[in-house]
Amino acid sequence: MAIIDNAIYVDGIRTQNPRSLSETFEVLRERGGMSWIGLYRPSEAEIREVADEFGIHALVVEDALSGHQRSKLERYGEVLFMVLRSARYLDEAEEVEFGEIHVLVGPDFVVTIRHAESPDLGRVRRRLEGDPGLLKLGPEAVLYAILDEVVDEYAPVLAGLENDIDEIESQLFEDGVDATQRIYELGREVIDFQRAVQPLAGMLDSLLRGSAKYQVDEELQRYLRDVLDHTLRVSERANTFRTVLDSALTVESTIVARRQNEEMRRMTELSIRQNDEVKKISGWAAILFAPTLVGTVYGMNFDHMPELHWTLGYPMAIALMVGMGVGLYWAFKRKGWL
């Protein structure tokens, strides 16, 4: 059953607990008061039943059925339609889970449609039922309490995001740690959080500007201004988080580039040293090859080699070997190979 809680209030006191939507509508018509119907992922038939009874615009029904709406505030005659994006921080997963709640406010009714586990509207209802003086101010008081709960639930999200950012900042300069992916993922969460929070300021401002026209109690206006103040502070902190993460991503990119440059320089230095060693080896191999070549030529023992019968043939061969070796040594030394 999609109905989580259903009650009729008179002067801030819960007087009836209808067991069905039809009973709610009947009691409301006969005895008056204010109805608050809490729905959780209702069916199309249930939404249309509520819409038909309270004369809710077809576009609101369409939005309520589709879900996944952006935060917004719209008015259709005497019916106010508000979409709120809730958020809660999941400690184990270290991520933010977003929810959605639709609030329909009329002259004598409030319909809340939740599409996620948060916010805890049961806590909101208990809070208001414990303060009949506030609840008797009507549907606008329920709307204020829901807004206040949604904004209050942003505080743990801010704390969780701040803790994650602190961890990232401490990892930035650790060797062997690449925080780029985590910074990017956390940045996406902050952006999604901003999208949930930022429209609220304009929505609350619109509510306050229309307070005189729709005769909203002055005390409620003070409460709404307090929620607006909290919303602006949350939005400012979210903006700060995004700026910090943008800076962290820039720093991380710089650090990664520096590490890559250092690695390239190390590899270049290693390559240069290897080249120097190859040059030395090649140089000494060439020096040793020269006398080997001479010795090989005169070791072939052909009959017609005049040098073999010369008196100075042997000294000449030795001198040729030494001369070629010294010459090559001097040439390689001059080029820096040795």
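Which residue forms a salt bridge with aspartate 148? The partner is arginine 127, and the closest N and O atoms of the two are 3.0 Å apart. A salt bridge here is a side-chain nitrogen of Lys or Arg within 4 Å of a carboxyl oxygen of Asp or Glu. Aspartate 148 sits in helix α6 and arginine 127 in helix α4 (residues 121-129), so the pair ties together parts that are 21 residues apart in sequence. Aspartate 148 counts as buried, at 8% relative accessibility, whereas arginine 127 is partly exposed at 36%. For these words, buried means under 20% relative accessible area, exposed means over 50%, and partly exposed lies in between, with a 1.4 Å probe and protein chains only.

Before going on, please keep in mind that this is a predicted model, in which local features need pLDDT of at least 70 and side-chain atom pairs count only at pLDDT 80 or more, while totals for chains, interfaces and linings use all residues. Residues are numbered from 1 along each chain as its sequence is written, and side-chain values use heavy atoms, with hydrogens and water left out. Helices (H or I, at least four residues) and strands (E, at least two) are DSSP runs, numbered from the N terminus.

The axes of α4 and α6 come within 10 Å and cross at roughly 130°, which makes α4 oblique to α6. Axes are lines fitted to C-alpha atoms, for helices over the stretch in contact, and angles run from 0 to 180 degrees between N-to-C directions. Angles under 35 degrees count as roughly parallel, over 145 as roughly antiparallel, 65 to 115 as roughly perpendicular, and the rest as oblique. Among the α4 residues that meet α6 are Val124, Arg127 and Leu128, and the α6 side includes Ala145, Ile146 and Asp148; contact means heavy atoms within 4.5 Å. The residues of this α4 contact with α6 divide into eight nonpolar, no polar and four charged. In this count Ala, Val, Leu, Ile, Met, Phe, Trp, Tyr, Cys and Pro are nonpolar, Asp, Glu, Lys and Arg are charged, and the others, Gly among them, are polar.

Follow the chain onward from there. Helix α6 (residues 139-152) packs with helix α7 (residues 154-171) at an angle of about 10°, their axes lying 4 Å apart, so α6 is roughly parallel to α7. Val150, Val151 and Asp152 of α6 meet Tyr154, Ala155 and Pro156 of α7.

Back to charged pairs: the model holds 20 salt bridges by the rule above. One of them joins arginine 182 and glutamate 94, at 3.2 Å from N to O. This pair links distant parts of the chain, since arginine 182 is in helix α8 (residues 180-209) and glutamate 94 in the loop between β6 (87-90) and β7 (95-98), 88 residues apart. Arginine 182 is partly exposed, with a relative accessible area of 23%, and glutamate 94 is partly exposed at 34%.

Glutamate 94 also deserves a look at its backbone. Its phi is near 50°, a positive value in a residue other than glycine. Most residues other than glycine have a negative phi. Arginine 41, in the loop between β3 (34-40) and α2 (44-54), likewise has a positive phi, of about 45°.
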